[in-house]
Amino acid sequence: MNVEQQLLQLHLLRKKLAFYLEDIETPAGRAVDLFITAIVLLSSVIFVIETYPISAKWRQILEAINTGTLTIFAIEYLLRFWCAERKTQYFFSPYALIDLIVILPFFLRAVDVSFIRIFRWFRVLRLIRFLDRQTLFGYINTQDGVIITRILFTLFAIIFVYSGLIYQLEHPVNSEGFTTFLDAVYFSVVTMTTVGFGDVTPISAGGRLMTVLMILTGIALIPWQLGDLIKQFVKTANQINTQCSGCGLSFHDKDAGFCKICGTQLQTSEENKNLN
């Protein structure tokens, strides 16, 4: 096999890997998405469990699993970078930056551990890559369903990341106020909703700065997300289930005569009954 053939095979391999890393239609591409999603969720659950009192044996097991998931994320990032046609553009893309933040502990093992562990709470943000697709893993295939799922996930991710960060900053110096992850979630929710009971307060400079960011996020972002969610629910309530024969879109406005996606004429309720 000459050099040109080797380069051609390498190019084809890169194209094939790039396809399966982004594909959601074929079984193989969908399996890759589900596998990465499962790993992200598993690592997030491990972080939460580690905030509770567990034996040294189980802590070692969870740490080993965490190292394995981090290795998988690092390999995936390197594969995506290798498959990218424009590597500089990919490196500075939002998804790649999130992935890079997530795998920083893999490349910064020599740095202070307390600094590294802060980045692990950002792993849940990797799911945004999948939520930004029109079809979510092949199970949510309506535009309204994807929008509602994205809004709910955004709210969950904001609370999860802030809770993890405030726990990581406050637990070492304020273990009575931030004993477990649930305490951090409680503090994050009451802070971002600007309720502010005051029964749990941060004492470190980093914790206070994080609290300010929580309040600003609660004032600016959460009402916006909740408003979009309510509007989407109202919009869905005013729609009827009439499947378009052209593109398959299921929900349309009650007075719609044509599909808003492809322009195909819609059948009325009476016509649907006659066909059934």
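Residues are numbered from 1 along each chain as its sequence is written, and side-chain values rest on heavy atoms, with hydrogens and water left out.

**Confidence**

The mean pLDDT of the protein chain is 80, and 83% of its residues reach 70 or more; pLDDT is the predictor's confidence in each residue, from 0 to 100. Confidence is highest in helix 9, at 92, and lowest in helix 12 (residues 269-275), at a mean of 48. Over residues 270-276 pLDDT stays under 50, and the model has four contacts beyond four places in sequence for them, a contact meaning heavy atoms within 4.5 Å. Where pLDDT is low, the predicted coordinates should not be read in detail.

**Architecture**

The protein chain has 12 helices and two strands, in the order α-α-α-α-α-α-α-α-α-α-α-β-β-α from the N terminus on. Helices (H or I, at least four residues) and strands (E, at least two) are DSSP runs, numbered from the N terminus. Of the 276 residues, 37% count as buried; buried means under 20% relative accessible area, exposed over 50%, and partly exposed in between (1.4 Å probe, protein chains only). The accessible surface comes to about 15,900 Å², of which 66% belongs to carbon and sulfur atoms, as computed by the Shrake-Rupley method with a 1.4 Å probe; for residues, only the protein chains shown count as cover. Among contacts between residues at least 6 apart in sequence, 55% join residues at least 24 apart.

Helix 2 (residues 27-49) has 23 residues and reaches 32 Å from its first C-alpha to its last, close to the expected 33 Å. Helix 3 (residues 56-83), with 28 residues, reaches 41 Å, close to the expected 40 Å. The expected span is 1.5 Å times one less than the number of residues. Buried residues of helix 2 include Asp33, Ile36 and Phe47; those of helix 3 include Asn66, Phe73 and Tyr77.

**Salt bridges**

The structure holds three salt bridges, each a side-chain nitrogen of Lys or Arg within 4 Å of a carboxyl oxygen of Asp or Glu.

| Pair | Closest N to O distance |
|---|---|
| Glu85 and Lys15 | 3.0 Å |
| Arg80 and Glu76 | 2.9 Å |

Arg80 and Glu76 both lie in helix 3, four residues apart, about one turn of the helix, and both are buried. Glu85 is exposed, at 52% relative accessibility, whereas Lys15, at 42%, is partly exposed.

**Selected residues**

Thr191 is found in helix 9 (residues 181-192) and counts as buried because its relative accessibility is 8%. Beyond its neighbours within four places in sequence, Thr191 is in contact with Thr211, Met214 and Ile215.

Leu125 is placed in the loop between helix 6 (113-116) and helix 7 (128-131). Apart from neighbours within four places in sequence, Leu125 contacts Ile98, Ala157 and Val161. The C-alpha atoms of Leu125 and Phe153 are separated by 9.3 Å.

Leu7 lies in helix 1 (residues 3-22) and is exposed, with a relative accessible area of 53%.
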